[in-house]
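Hello,

Please find the structure below. My notes on it come after.

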Amino acid sequence: GIPLEELATRLKISKKDSQALQAVWAKNKTFIIGRGVIKKADFEISFTPKQQEIVNKLVSAFNADPISPPTFKTCLEIASEDIVQSLIDQRLLTRYSPDVLFHQEGVTKVLEAILKLIDERDRVTAAEVRDALGTTRRYALAILEYYDRVGLTRRDGDDRTLAPKFQTFTAKEILAELNAL
C-alpha cells in the first residue's frame, strides 16, 4: 500500500480527485483504506525465507518480555525498517510512541491490565500502570499517552479515566475498535 497523502502526487491528480477516486474504490471494495494507507483489497505481504527468519527472530524478542518489549531502535538492529513497518501494517506490532512498540500479545495484556485497574479504581496513574505491569515509567507513559491519543482514555492531571464511549465495552470489543483505527 501507499500513504494516502502520496496518492494524488503519484497519480498526478488533484487532492479532490484523489478523494473522489478513493470513495469509488472503497465503495467497490477494490482497495482498502485504513491507518492512512490505501492498498489493493487482495494484497498480502509475504516475506522471503530469509526475511521470515528475521521476522521470527524479532517476534521472539517481543515474546521474551511482552510488557517491556524491544525499542524501535533495537528492532532496527534485528530487522530492516521495511520489515518492522510491514509488521506494523499487518497489525502484528502496534506503535505506541516513536520508540515503543508492542506485539499483539503485549497489546492484549497491557489493555486487560489497564482496564482491570480502571475498573477497580475508576481511574489510573502512570505509577499504578508501571507497578501493575512491572515495567518502567517510560513504557507506562507511552501506553497511557497512546490510549489518550486514540480516545480510549481521558487525561485529568495525572489520572486517566476510560472514555465514556468505551465504558460498556469488553476488552475484546475495545481491541476490535483499536484495530479498526
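The notes cover a helix and then the aromatic residues.

The model is predicted: local features need pLDDT of at least 70, side-chain atom pairs count only at pLDDT 80 or more, and totals for chains, interfaces and linings use all residues. Residues are numbered from 1 along each chain as its sequence is written, and side-chain values use heavy atoms, with hydrogens and water left out.

Helix α9 spans residues 171-180, and I174, L175 and L178 in α9 are buried (under 20% relative accessible area with a 1.4 Å probe, protein chains only; exposed is over 50%, partly exposed in between). Helices are DSSP runs of H or I of at least four residues, strands are E runs of at least two, and both are numbered from the N terminus. The exposed residues K172 and A180 are on the face of α9 turned away from its buried side.

There are seven aromatic pairs in the structure (Phe, Tyr or Trp rings, the six-membered one for Trp, with centres within 6.5 Å; planes under 30 degrees apart are stacked, over 60 edge-to-face, the rest tilted). Y96 and Y146 make a tilted pair, 4.2 Å centre to centre and with 35 degrees between the planes. Y96 is in the loop between β4 (93-95) and β5 (101-103) and Y146 is in helix α8, so this pair ties together parts 50 residues apart in sequence. Y96 is buried at 1% relative accessibility, and Y146 is buried with a relative accessible area of 9%. One aromatic cluster is formed by Y96, F102, Y139, Y146 and Y147.

Regards
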